[in-house]
Amino acid sequence: MQQASPALAARLANIQPFHAMEIVKAADALERAGRDLVYLALGEPDFAAPEPVQRAALAAMQSGATRYTAALGLPELREAISGFYARHYALDVPPERIVVTAGASGALLLACLATLDPGSEVLMSDPGYPCNRHFVAAVDAVPRALPCGPEQRFQLDARQIATHWTARTRAALLASPSNPTGTSVLPAELAAIAREVRSRHGWLIVDEIYHALSYDLADPTTGWAPSALALGDDIITVNSFSKFFGMTGWRLGWLVLPPSVVRAVEKLAQNLFICASTLSQRAALACFGDDAMATFLARRDEFRRRRAFLLPALRDLGLDVPVTPDGAFYIYADVSRHAPDSDAFANRMLEEAGVVLVPGKDFGAAGTRDFVRFSYATGYERIELAVERMGRVLRG
């Protein structure tokens, strides 16, 4: 007689599966059957790390520079990230405030562990990236996702912070630009949010992993969109080498922390991760050279070009995009004219058009049944093909 398994942790009930993976599984089955599919689904740039980064990784491996680093990261990489903020954002971010992490996911987990107690609440937007909710739930805190419609750019605003902050609320977590909407919190609104959170002695955590892929909000002085770090050294930001720098599988990110939090996060990192990948850190040093940076900026221009094609093309197909995305590589479109819900639309596009999309249910509950996320992180010609195929299906 088989014995019952021991009970799993109760917190798993608060962690939902990533439904996009179900679409990908169905797509894989169609590909194995010989179908040509266009993926406008996953948020992974089609660009690999540029040659200087690859050469730096190879040199580190060949020289044996593969031992553990300090838990906070290579000192020279922390210096380079500090220089990145000085050069492109005109910000003084001392390297002592920077912690190199095992991806932005590791950064968010460390930030949650350092700032949240079991039962404390975190305000965040609905729609929003599902894993952000799950990082909060994983530390036994409570993600409180507030409906954010197109009138507020699908982003939390200061009014919601003031209205919904309670005695249990510990933090607000924003993503700017956001996955799935590609929209940013506008600078004036972000400053108002920071004031509201600060007045309540809470934490403001801003996910800026797509921040360098901003197209419309550039500061005329720097040429880059302003970072939340300009609002004070009490704000926590999360960043990554995955999106702008094209190093998705290298699993490398960073935190910028208030000085008083660095030692707490270092202690956590020492125990949980020891350090981020040494090879990835050595390679990432090359990201900040002139040649690599020129490549990254050219790629950003290419993402802008893809957006300039796909956005009007979707509208021409009768899909409503209520807020023009200003960053990342996503377009969040209302498909209710064509289907009873976004699941039905995504399945139809997969089966009839051979186009892989992500239905909105992954991203929350507030109106998401009508929305689909389109990713333009794939090649321009493939995006053109996807639009052509969808047009044949939707126009009959």
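Trainee: Leaving aside neighbours within four places in sequence, which residues is E302 in contact with?

Mentor: This is a predicted model, where local features need pLDDT of at least 70, side-chain atom pairs count only at pLDDT 80 or more, and totals for chains, interfaces and linings use all residues. Residues are numbered from 1 along each chain as its sequence is written, and side-chain values use heavy atoms, with hydrogens and water left out. Contact means heavy atoms within 4.5 Å. With neighbours within four places set aside, the contacts of E302 are F47 and Y380.

Trainee: Is E302 buried or exposed?

Mentor: E302 sits in helix α10, residues 290-316; helices are DSSP runs of H or I with at least four residues, strands are runs of E with at least two, and both are numbered from the N terminus. Buried means under 20% relative accessible area, exposed over 50%, and partly exposed in between, with a 1.4 Å probe and protein chains only. E302 has a relative accessible area of 16%, so it is buried.

Trainee: What is omega for the cis bond between S176 and P177?

Mentor: P177 is placed in the loop between β5 (169-175) and α7 (187-199). The cis peptide bond joining S176 to P177 has an omega of about -5°.

Trainee: What is the relative accessible area of A328?

Mentor: A328 is not a glycine, yet its phi is positive, about 60°. The residue is in the loop between α10 and β9 (330-334). A328 counts as buried because its relative accessible area is 0%.

Trainee: And what is the relative accessible area of R251?

Mentor: R251 is also a residue other than glycine with a positive phi, near 50°. Its place is the loop between β7 (236-240) and β8 (253-256). R251 is partly exposed, because its relative accessible area is 36%.

Trainee: What radius of gyration would a compact globule with 396 residues have?

Mentor: The radius is taken over C-alpha atoms, and the globule rule is 2.2 Å times the number of residues to the power 0.38. The protein itself has 21 Å, which agrees with the rule for 396 residues. The value for a compact globule is near 21 Å.
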